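The entries follow in the order in which I made them.

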Amino acid sequence: RYIMREPMKDLGSVLANFNLVPKVLDRPEYLERVAFEACEDVWNEGTHAVEYRFSPEFICQFSKLKWLD
């Protein structure tokens, strides 16, 4: 499990952590589960409007996924 315990000190450390995302979300079913759970979490917290950002190119660049998967 990956947990950030303290604020990151600089942009380089923030960007380095982004590289973890495509390595973990390397299957369509993982992406679907994360998307579903993110929506479910905000709904259960009482939030009814949220905007998520997703970059297929970023995920495909480092993972085994193909753009059309």
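I looked up the lining of the second largest pocket, and helix 3 gives the most to it, with five residues. Helices are DSSP runs of H or I, at least four residues long, numbered from the N terminus. I noted that this is a predicted model, where local features need pLDDT of at least 70, side-chain atom pairs count only at pLDDT 80 or more, and totals for chains, interfaces and linings use all residues. Residues are numbered from 1 along each chain as its sequence is written, and side-chain values use heavy atoms, with hydrogens and water left out.

I then checked helix 3 itself: its 17 residues reach 24 Å from first C-alpha to last, close to the 24 Å expected at 1.5 Å a residue (1.5 Å times one less than the number of residues). G46 follows helix 3 and has a positive phi, near 95°.

Next I turned to F54, which lies in the loop between helix 3 and helix 4. Is F54 buried or exposed? F54 counts as exposed because its relative accessibility is 55% (buried is under 20%, exposed over 50%, partly exposed in between, with a 1.4 Å probe and protein chains only). F54 touches L31 and I59, leaving aside residues up to four places away in sequence (contact means heavy atoms within 4.5 Å). From F54 to A35 I found 19 residues in sequence and 9.8 Å in space, C-alpha to C-alpha.

Last, I listed the contacts of L25 under the same exclusion of residues up to four places away: Y30, L31, V34, I59, S63 and L65.

Note on methods:
Helices (H or I, at least four residues) and strands (E, at least two) are DSSP runs, numbered from the N terminus.
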